[in-house]
Amino acid sequence: MARIDFKGFPIHFQSDGDGPDVVLVHGLCGDLAFWHPTIVAGLARDYRVTRMDLRGHGYSGRPASGYTTRDLAADLADLLDHLGIARACLVGHSYGGAVALHFAALRPERTAAVVLADVRIRSLQPAQGLRDWAHWQGIRDRLRTHGIEVQDDVLDADFGFLDELARLRLAGRLERLDLAPYFVPFAASSPRRARQWLRLAEETSARADFADVAGLTPDLIERVEARALLTYGSLSHCLPTQERLAGLLSRSTVHLEEGVGHFLPLVRPQAFLDHTRVFLSEGEGAAAVPRAPEARPVAASATYPAPRDSVKAGA
């Protein structure tokens, strides 16, 4: 694992395998370990797979501002520059998928294809309360069996719910909670991730930035040229975005995985891998992605001997 230092803070990343480039972008409150080993190993058989920690997550730095999808797409571009990647296929989950889509819209010449896993786009699907989610009652009832009460008047299912879950994790009340096929952020990870999320929300502009459309409007999305795979869980709260994206992206393919929620890559890693590999191998795909002639050197690197949990939560 290595870090590159730019803009006054480090971005942490890891690359595995060799071949055309595929870049994986995790969602909120996750890190590069969000991507299940099945997915990474399966893709690394044929591709160079690069995973990054978004700013404010994992071992990347936590600047005071700059967390919109536009800002993070710029970080992604800087990482590709440092690695000498001229063009790549992007795979993003949730907010990471919104970052990948924003990158694809702004940098069409550098995007071969995009895989959007259960992505919610603010301009297409505004803030959603928990009570608006069709499957919330089932989740709430199962939480109650563990003595956990989460109010359904939380205004935004992304942030208010995450804050609640982070505090419950720090109180030691989520360790044995199993809500498959939905999965619950922080339940299967160390308290460090919960503390990191709360510090990010309380000490930076991240909360406002995450809610900012930041120019990722329907008009901009409609200009995306790359092929796109829209892969969603049938129990997800993000399906309204999937429906809108299918109409806006002229080269999109939709896959709906039955019986799973927002965390499809974690809950069904083999199915996610299989559909992603088929998509990447079709058409222009990753097979046609050129490498830059010479990679720029990494400014600084560090090895971490103790890997983090292989299954982490993201949003």
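Me: What should I know before I start?

Reply: This is a predicted model, where local features need pLDDT of at least 70, side-chain atom pairs count only at pLDDT 80 or more, and totals for chains, interfaces and linings use all residues. Residues are numbered from 1 along each chain as its sequence is written, and side-chain values use heavy atoms, with hydrogens and water left out.

Me: How many aromatic pairs does the structure hold?

Reply: Rings of Phe, Tyr and Trp (its six-membered ring) pair if their centres lie within 6.5 Å; planes under 30 degrees apart are stacked, over 60 edge-to-face, and the rest tilted. The structure holds five such pairs. One of them joins Phe34 and Trp35, edge-to-face, at 5.1 Å centre to centre with 85° between the planes.

Me: Are Phe34 and Trp35 buried or exposed?

Reply: Buried means under 20% relative accessible area, exposed over 50%, and partly exposed in between (1.4 Å probe, protein chains only). Phe34 counts as buried because its relative accessibility is 0%. Trp35 is buried too, at 2%.

Me: Which parts does the pair of Tyr95 and Phe210 tie together?

Reply: First the geometry: Tyr95 and Phe210 are edge-to-face, 5.0 Å centre to centre, with 70° between the planes. Tyr95 lies in helix H3 (residues 95-106) and Phe210 in helix H7 (residues 206-210), so the pair links parts 115 residues apart in sequence. Helices here are DSSP runs (H or I, at least four residues), numbered from the N terminus. Both Tyr95 and Phe210 are buried. Together with Tyr67 and Trp197, they form one aromatic cluster.

Me: Where does the charged end of Arg55 sit?

Reply: A charge sits over a ring if NZ of Lys or CZ of Arg is within 6 Å of the ring centre and within 35 degrees of the ring normal. The charged end of Arg55 sits over the ring of Tyr67, 6.0 Å from its centre. Arg227 does likewise over Phe279, at 4.2 Å.

Me: What is Thr69 in contact with?

Reply: Contact means heavy atoms within 4.5 Å. Leaving aside neighbours within four places in sequence, Thr69 touches residues including Tyr95, His102 and Leu216. Thr69 is found in helix H2 (residues 69-83). Thr69 is buried because its relative accessible area is 4%.

Me: Which residues of H11 are buried?

Reply: An α-helix has 3.6 residues a turn, so residues three or four places apart point the same way. In H11, the buried residues are Pro269, Ala271, Phe272, Leu273, Thr276, Phe279 and Leu280.

Terms used
Helix = DSSP H or I, 4+ residues; strand = E, 2+ residues; numbered from the N terminus.
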